[in-house]
Amino acid sequence: MIPKVNLDRFDTEVYWLALNERHNVIQADRVAFAEKELGSMSAVWTASPESLRRLGFHDFAVSEFFRLKSRVHLDQLASKLKTLRGKGLRIIKYTDDFYPELLRTLSSQREGAPLILFHRGTLLDFDRCVAVVGTRVLSCYGHFMARRIARSIAAAGYTVVSGLARGTDTEAHCGALEAKGGKTIAVLPWLEPLYPPEHAELLKDIEKKGAVLSEHYEKTFEKLAPGSFVERNRITSGISRCVIAVESDEEGGTVHQVRFAINQGRKVFAVKPKSDNARAMRGFRSFVKMGATAIVSAKPVIDYLLAGEKDRSMDVYIDSQSKL
């Protein structure tokens, strides 16, 4: 007789880790609902196909779920979880209180809410975030504006979100860290190995005053996959109240980010470039046509943010200028 495996001995995170391997098929809100209805993740793991369908899983998701079960070893994932915790890593599940509330609302969209987020750092408050995004190849003016705007946003008490890439992201993170009490979040396509590798020291600074988030712990392919960078864009804008695009051409990662933001119902601001920068002007005009608001400073962004916070006023913006 084959001994019965006690599935209740595994931490809840083990099951969420397992399901995250098919994150693009199995919806986070369906898993959360199933866990609530069945009482535990071990019960979800052992549920029949009919039970899962009754709980809202579509046929393809059920098929992928059982295919996943056939090849996943929970013992190995339990060991991996222990290793990750030993490295100071936190796993934030869709059902956790720390899970970004704005991100949770995306569960009904095609590119929906992540099942889990790998988290490193000191910041666990994702309520007041603003994304600053843009090209990796900035003009001198773009470098100046990305850092200046991020610094102003952080000084006003908001958390600057970007992707740790070269160019705009670097300036955004550094600008936020320069502000008194400034906080910033780096949203990565994966945590290990670090990309780009030269940002190891910047990452340490971000962890001290903010957080690093990713849907994936490690890169599982040899070459850089553009899809992974695009995929993480939904998280960058998903946790943010609005998005600021600094410079971009008519195509590229920033364009994908702006499209994600608009589809998610986020307000988008576009920094107006110098008129002699033809490449950046093309991108800027494209963003405006998509519905972005043109800006030349952080003030319109902070005006917009404060309009949604009755307990704060423009005094916040005035006070923030003294912190720059």
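This is a predicted model: local features need pLDDT of at least 70, side-chain atom pairs count only at pLDDT 80 or more; totals for chains, interfaces and linings use all residues.

Biologist: At what angle do helix 9 and helix 10 pack, and how far apart are their axes?

Modeller: The angle is about 45°. The axes of helix 9 and helix 10 lie 11 Å apart. That makes helix 9 oblique to helix 10, because angles of 65 to 115 degrees count as roughly perpendicular and those under 35 as roughly parallel.

Biologist: Which residues meet there, between helix 9 and helix 10?

Modeller: Helix 9 brings Thr170, His173, Cys174 and Leu177. From helix 10 come Leu202, Asp205, Ile206 and Lys209.

Biologist: Switching to the backbone. Where are the cis peptide bonds?

Modeller: One joins Glu192 and Pro193, with omega about -5°. Another runs from Tyr195 to Pro196, with omega near -5°.

Biologist: Where in the fold does Pro193 lie?

Modeller: In the loop between strand 5, residues 183-188, and helix 10, residues 200-209. Pro196 is found in the loop between strand 5 and helix 10 too.

Biologist: Why flag those bonds?

Modeller: Because most peptide bonds are trans.

Biologist: What about phi? What is the value at Leu164?

Modeller: Near 65°. That is positive, and Leu164 is not a glycine. Most residues other than glycine have a negative phi.

Biologist: Which loop holds Leu164?

Modeller: The one between strand 4 and helix 9. Strand 4 covers 159-162, and helix 9 covers 168-178.

Biologist: Is Leu164 buried or exposed?

Modeller: Buried. Its relative accessibility is 0%, and the cut-off for buried is under 20%, so Leu164 qualifies.

Biologist: Zooming out. How many helices and strands are in the chain?

Modeller: The chain has 15 helices and nine strands.

Biologist: What share of the residues count as buried?

Modeller: 53% of the 324 residues.

Biologist: Last one. Among contacts between residues at least 6 apart in sequence, what percentage join residues at least 24 apart?

Modeller: 76% of those contacts in the chain.

Terms used
Residues are numbered from 1 along each chain as its sequence is written. Side-chain values use heavy atoms; hydrogens and water are left out. Helices (H or I, at least four residues) and strands (E, at least two) are DSSP runs, numbered from the N terminus. Buried means under 20% relative accessible area, exposed over 50%, partly exposed in between (1.4 Å probe, protein chains only). Axes are lines fitted to C-alpha atoms, for helices over the stretch in contact, and angles run from 0 to 180 degrees between N-to-C directions. Angles under 35 degrees count as roughly parallel, over 145 as roughly antiparallel, 65 to 115 as roughly perpendicular and the rest as oblique. Contact means heavy atoms within 4.5 Å.
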